[in-house]
Amino acid sequence: MRPMRIEDLDAVMVVERRAYPFPWSIGIFRDCLFAGYPAWVLLEGGAFIGHGVLSVAADEAHVLNVCVDPARQGRGHGRILLRALVDAARGRGASRVFLEVRPSNPAAIALYEDEGFNEIGRRPRYYPAANNGREDAIVMARELFSD
């Protein structure tokens, strides 16, 4: 794993498009990097297999994107990325980390719960969905305590 760079974005987009029916645009990733958001890429044998992006403001952090190539999911890569994002939040002084997840993504929900996140609410019609529909988001949070 290493910090994401502008020159990584074409490879990041390949993974993003494989993983999500409604992927982020390259412009969103570019804006996050220009804003100085902590972002990482996960590599395996030189191949891009995942990425993550975090924002931190005051004492709160927000996991914006965690993505693993579908061909490599279920092997702990998402957990590695999530832990790196949580560690970055802690290192930047955050006391709480938030994220949103689709109710239709039970594997991600299970990972987040296993890593100490709890559901704190819902955002109605947050995500785009098939046929011009919308899907709610489950809002989850984790408190960060000093070790």
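**Entry 1: helices 1 and 2**

I began with a crossing: helix 1 passes helix 2 in a right-handed way. A crossing is right-handed if the near helix is turned clockwise from the far one by less than a right angle, and left-handed if anticlockwise. I noted that this is a predicted model, where local features need pLDDT of at least 70, side-chain atom pairs count only at pLDDT 80 or more, and totals for chains, interfaces and linings use all residues. Residues are numbered from 1 along each chain as its sequence is written, and side-chain values use heavy atoms, with hydrogens and water left out.

I checked how elements are named. Helices (H or I, at least four residues) and strands (E, at least two) are DSSP runs, numbered from the N terminus.

Next I looked up the packing. Two packed helices are described by the angle between their axes and the distance between the axes. Helix 1 covers residues 9-19 and helix 2 covers residues 26-34. Their angle is about 130 degrees, and their axes are 10 Å apart. Axes are lines fitted to C-alpha atoms, for helices over the stretch in contact, and angles run from 0 to 180 degrees between N-to-C directions. Helix 1 and helix 2 are therefore oblique to each other. Under 35 degrees counts as roughly parallel, over 145 as roughly antiparallel, 65 to 115 as roughly perpendicular, and the rest as oblique.

Which residues in helix 1 meet helix 2? I found Leu9, Asp10, Val12, Met13 and Glu16. In helix 2 they meet Ile26, Phe29, Arg30 and Leu33. Contact means heavy atoms within 4.5 Å. By class, this contact has six nonpolar, no polar and three charged residues. Ala, Val, Leu, Ile, Met, Phe, Trp, Tyr, Cys and Pro count as nonpolar, Asp, Glu, Lys and Arg as charged, and the others, Gly among them, as polar.

I traced seven strands in an open sheet, in the order 1-2-3-4-5-7-6, with mixed pairing. The edge strands are strand 1 (2-3) and strand 6 (118-129), and each pairs on one side only. Two strands pair if DSSP finds at least two bridges between them.

Strand 3 (residues 47-57) and strand 4 (residues 60-68) pair in the antiparallel sense over eight bridges. There I saw valine 56 opposite alanine 61 of strand 4. Strand 4 also pairs with strand 5, in the parallel sense, over three bridges. In strand 5, valine 97 is the bridge partner of alanine 61.

Is strand 5 mostly covered or mostly exposed? Strand 5 (residues 96-101) is mostly covered, with five of its six residues buried. Buried means under 20% relative accessible area, exposed over 50%, and partly exposed in between (1.4 Å probe, protein chains only).

I then placed the helices. Helix 1 lies across strand 2 (39-44), strand 3 and strand 4, at about 90 degrees to strand 3. Helix 2 lies across strand 2, strand 3 and strand 4, at about 55 degrees to strand 3.

**Entry 2: helices 3 and 4**

Helix 3 (residues 77-91) packs on helix 4 (residues 106-114) at about 50 degrees, with axes 11 Å apart. Helix 3 and helix 4 are therefore oblique to each other. Gly78, Arg79 and Leu82 in helix 3 meet Leu111, Tyr112 and Asp114 in helix 4.

**Entry 3: positive phi**

Most residues other than glycine have a negative phi. I found arginine 125 with a positive phi of about 55 degrees. Arginine 125 is in strand 6.
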